[in-house]
Amino acid sequence: MATPFIITLDGPAGVGKSTLAKRLADHFEIAYLDTGAMFRATAWKLGEGSWDWDIEKIEGALKELSFTLTGSGSDSVLSLNDVPLTSDIRTETVAMWGSNLAMIPAVRTYLKIAQREIGKTTSLIAEGRDMGTVIFPQAPCKFFLDAALEERARRRFEQLEEMGKPADINDLIEQIGTRDDKDRNRKEAPLKPADDGIIIDTTNLDIDGVFDRLVAEVKKISS
Ligand code: C5P
């Protein structure tokens, strides 16, 4: 089997990673791995306050979790214990729980192994916070997307509205800002670009403009 081709897409909450990752996955006909969903689903399964459990209890609970990725493009399906993830994990509350668990080394190690296992057999657009720095540093195409906090909150607001989960824009600015600070400043795998990654500020760009730029960069690198 040919070596899987990996494109990494990192950046803060609300920057548009998921939308772009799905479009790229369709364009290049490869699978899409949403690693934020793995942290969210872990938090959803372990429950509120699990980040304060003692480490043996956390490790015991992690052993019961198994992630699989099937399908391709925007139809890629991430499952936990053979059950496809649902929109239940798509709230800022569950995201914050995920962010709390994401500070715990045992959780990161467990999900790192699961993510690399998936990347061993499947070509991927891998989306998250540490894809280019920690999980797939050898990937040929590594991107880091950023945008101003207010613009990211606005994009997340629209996304949640479309999902029928309306939110308050000021709450979103505060929640996303808090989560980012945590993600950027934690000791384990903080959110930052890979040294050899391509950084794109998307504040004043529309989604089509960013998509075209990403496709052009991937073609340049892989030709
Ligand atoms: O991407 P999403 O907003 O769904 O991620 C939820 C949380 O999971 C992030 O705020 C972050 O704390 C954590 N995460 C992470 N590393 C990743 C993906 C997500 O720490 N690769």
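**Questions about a predicted fold**

Colleague: Let's start with Thr-19: what relative accessible area does Thr-19 have?
Modeller: Buried means under 20% relative accessible area, exposed over 50%, and partly exposed in between, using a 1.4 Å probe and protein chains only. Thr-19 falls in the partly exposed class, because its relative accessible area is 37%.

Colleague: Good to know! What kind of model is this?
Modeller: Residues are numbered from 1 along each chain as its sequence is written, and side-chain values use heavy atoms, with hydrogens and water left out. Local features need pLDDT of at least 70 and side-chain atom pairs count only at pLDDT 80 or more, while totals for chains, interfaces and linings use all residues, since this is a predicted model.

Colleague: Back to Thr-19, then. Which residues does Thr-19 touch, not counting residues up to four places away in sequence?
Modeller: Thr-19 sits in helix H1, residues 17-28. Its C-alpha atom is 24 Å from that of Leu-101, a residue 82 positions apart along the chain. With contact meaning heavy atoms within 4.5 Å, and leaving out residues up to four places away in sequence, the partners of Thr-19 are Gln-159 and Ile-207.

Colleague: Zooming out, how many helices and strands does the protein have?
Modeller: Both are DSSP runs numbered from the N terminus: helices are H or I with at least four residues, strands are E with at least two. By that count, the secondary structure comes to 9 helices and 8 strands.

Colleague: What radius of gyration does the protein have?
Modeller: The radius is taken over C-alpha atoms, and the globule rule is 2.2 Å times the number of residues to the power 0.38. Those C-alpha atoms fill a box of roughly 50 × 45 × 30 Å along the principal axes. For 223 residues the rule puts a compact globule near 17 Å, and the protein agrees, with 17 Å.

Colleague: What share of the contacts with a separation of 6 or more joins residues 24 or more positions apart?
Modeller: As for burial, 48% of the 223 residues count as buried. For contacts with a separation of 6 or more, residues 24 or more positions apart account for 76%.

Colleague: Which residues form the aromatic pair?
Modeller: Rings of Phe, Tyr and Trp (its six-membered ring) pair if their centres lie within 6.5 Å; planes under 30 degrees apart count as stacked, over 60 as edge-to-face and the rest as tilted. The structure holds 1 aromatic pair. It is tilted, with 6.3 Å centre to centre and 45 degrees between the planes, and its members are Trp-51 and Trp-97.

Colleague: How many residues apart in sequence are the parts that this pair ties together?
Modeller: Trp-97 counts as buried at 16% relative accessibility. Trp-51 lies in the loop between helix H2 (35-46) and helix H3 (55-62), and Trp-97 in helix H4 (residues 92-101), so the distance in sequence is 46 residues.

Colleague: Is Met-131 buried or exposed?
Modeller: Met-131 belongs to helix H6 and touches, among others, Thr-8, Asp-10 and Gln-115. Its C-alpha atom is 9.7 Å from that of Gly-11, 120 residues apart in sequence. With a relative accessible area of 0%, Met-131 is buried.

Colleague: Which residues does Pro-140 touch, not counting residues up to four places away in sequence?
Modeller: Pro-140 is in the loop between helix H6 (131-135) and strand S7 (141-146), and is partly exposed at 41%. Leaving out residues up to four places away in sequence, Pro-140 touches Phe-5, Ile-6 and Ile-221.

Colleague: Last one: what phi does Asp-82 have?
Modeller: Most residues other than glycine have a negative phi. Asn-81, found in the loop between strand S4 (77-80) and strand S5 (83-84), has a positive phi of about 50 degrees. Asp-82 lies in the loop between S4 and S5 too, and its phi is positive, about 70 degrees.
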